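Subject: Structure for your files

Hello,

Here is the structure I said I would pass on. My notes follow it.

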Amino acid sequence: MTTISGLFDNKGTPLEKQQFTWKEIGGIKPISKLDDDAFTRVRIILMNGIEVDALRLKHIGARFHRDLRVPLAKIRRIEQHQNTMINWLLSADHSPLETTIAYEQTAIEITAAVAQTEPDAYQAQAYRFGLLEDFDHLYRYAALLDRLEGKDANNILQCYTDILPGRPTWLEHRAPEDDVRNSYNRKDAALITKLHAALITAAEYQTHDYYMNIGPLFADPVARQIYAEIASMEEQHVTQYGSLIDPEETFIEKWLIHEAMEVYTYYSCAQQETNPRIKAIWERFLDYELGHLNYVKEIMKKYERRDPAEILSGTIPSFVTFASQRDYVREVLTNEVDLRANKTEYVPREEESQDSINYKNYMNSEGNASLTASIGYKWLPGTELNNKAKGE
Amino acid sequence: MENTTKIGLNKTGIQMSPIDSKRLIQITQLTPPTLNLENNPTIMELRIQAVKESAQSIGSVPAPASLTGVVSTTLEKLSGNNPEILIDKLSERAAFERTGTRLYEALIAKAMGLNNLTSDQLAILYKIRDDEARHYRIVVDALESIGADPTAQTPCADLIAVASLGNVQVITDPRSTFAQSLNTLLTIELTDNAGWELLIDLADKLGHKQMVQSFRHALDQENLHLATIRDWLKQAVLEQA
């Protein structure tokens, strides 16, 4: 694994020069659903999730810190407009269900990439555990897309991601106490561990919010029930990933880590983007985020009398990889699909907590729509209606 | 923007990823499909059950003022066993003509942006736009003549607007070509024609002679719209081929 250092030492664009016009953010030309690479869309969805989380964290911080309300408002205004420009890159010919497929592809490929570079074995296990659940969601949604809209999920996935069952969705539902994990220790965790936890939590949170927003847009009762179920799963995932973060960190520390994570992820996007127009956006926002990071560094010095370098120094992996993780995901699927959770630990199926078993049995007692949508489903190029063997 | 469709780097099909697609297909063939569990419904069963259990409708048709006693003079004009059917279908037409007017405005903007029409052709589009707006007001008059509220959104008006949303998305997308927009307008005009024909039959059955007369005039104009859009689309597609 190659590493980099010194990324966070750059000053970036000063806040006063981080400006937008309405036309620039709302009138931005979207990507092509058909011609752009699926990983360009993955980067858009990921960065959208991260910017939404940037706002979320800063709003919560402002509720606790009177002196920080104005500084936080300043950064939030810029991030709101970064967020808009990025999210508006998604073209309107994506149906909500097609965008859902892209969200799950993002979750799978990014979580798999992060799991491989995460140095903390327990945290890496958490990523692999969640990965197999998002992997299953993709398969259930692919079945729904085929059987509801008559569309092929691979038109979105572009052959980068397998469409197979993972840990079955109806078995993923757990009691809340079985979703809260051990956190890293702020004093001795590696910087990349902190960045990963902030990144994956942000991505999952946005997926949750997206499903909660679009679920009621569907008329079909099967779709409505699947979105209700998988939105709840995403809440479980936010609980799991959010609990990996040390609650003993101060708010300013969390803010600093979040800005560093934003820098790192924009840097990763800029390094790997294939669409030159979008690459320019990642580069511009990388400079903006360095400006935000520099701003919060000064706040940390002023209010906590701490040197931000104590948190930000050291090396990190050269970037978050945006590429198909097919081989790794297959390996994890083979080895870990039967894992379950018992309090903070990952355990064999037979040791799953009784609380979780009771919870899922009750939730599933009137039927399970993710199962309903996918009975007998095998992905085929051009949808399952393209099954020549059936001679239909 | 481009006003023609070209060969390019479309990445959606499996031919663009010969190696990855082979691996994807292979593992899919080796993996058993999902088996159902006891008592879990299939998609068909769940949908049937949901229909059976749904005690709801989309909504209701508001009682016309004539039936609530406000405009008693028009009461006799409402005939038939279910006057709400006429009100609902009239409201549907009104909603459709309003959306149609806005769609032609969007198409005119597209044509002006592309600069692909002669001034005579542009004038035809403006004329159709104005016809659609006039047809809306014809239906408003008809609703008022039977004491119904032309501002209410009835169930059929609501659902035709839901169905029209995709058409709005296609035509207002700055990236769609003129021919692609015409293709969408063709579905609009075909539906519109059939809608007016049905409305004429309905008004005729219920004895609303004046409505029949004004609706027939609208249908004549809609036939011209349909012929124009069909011809233009054919011309645009054949020219590109």
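Which residues does A:Leu195 touch, not counting residues up to four places away in sequence? They are A:Phe8, A:Ile257, A:Ala260, A:Met261, A:Tyr264 and A:Ile316, where touching means heavy atoms within 4.5 Å.

This is a predicted model, so local features need pLDDT of at least 70 and side-chain atom pairs count only at pLDDT 80 or more, while totals for chains, interfaces and linings use all residues. Residues are numbered from 1 along each chain as its sequence is written, chains are lettered from A and ligands numbered from 1 in the order in which they are written, and side-chain values use heavy atoms, with hydrogens and water left out.

Cores. A:Leu195 is among the residues that touch the most other members of the largest nonpolar core, which has 124 residues; A:Phe8 and A:Ile316 are also among them. A nonpolar core here is a set of buried Ala, Val, Leu, Ile, Met, Phe, Trp, Tyr and Cys residues joined through side-chain atoms within 4.5 Å, buried being under 20% relative accessible area (1.4 Å probe, protein chains only). A second, separate core has 25 residues, including B:Tyr104 and B:Ile229.

Interface. Chain A puts 45 residues in contact with 30 residues of chain B. The buried area is about 3,200 Å², with 60% from carbon and sulfur atoms; this is the accessible area (1.4 Å probe) that the two parts lose on being put together, summed over both. Four salt bridges cross the interface (a side-chain nitrogen of Lys or Arg within 4 Å of a carboxyl oxygen of Asp or Glu). One joins B:Arg175 to A:Asp93 at 3.1 Å, N to O.

Regards

Notes
Buried means under 20% relative accessible area, exposed over 50%, partly exposed in between (1.4 Å probe, protein chains only).
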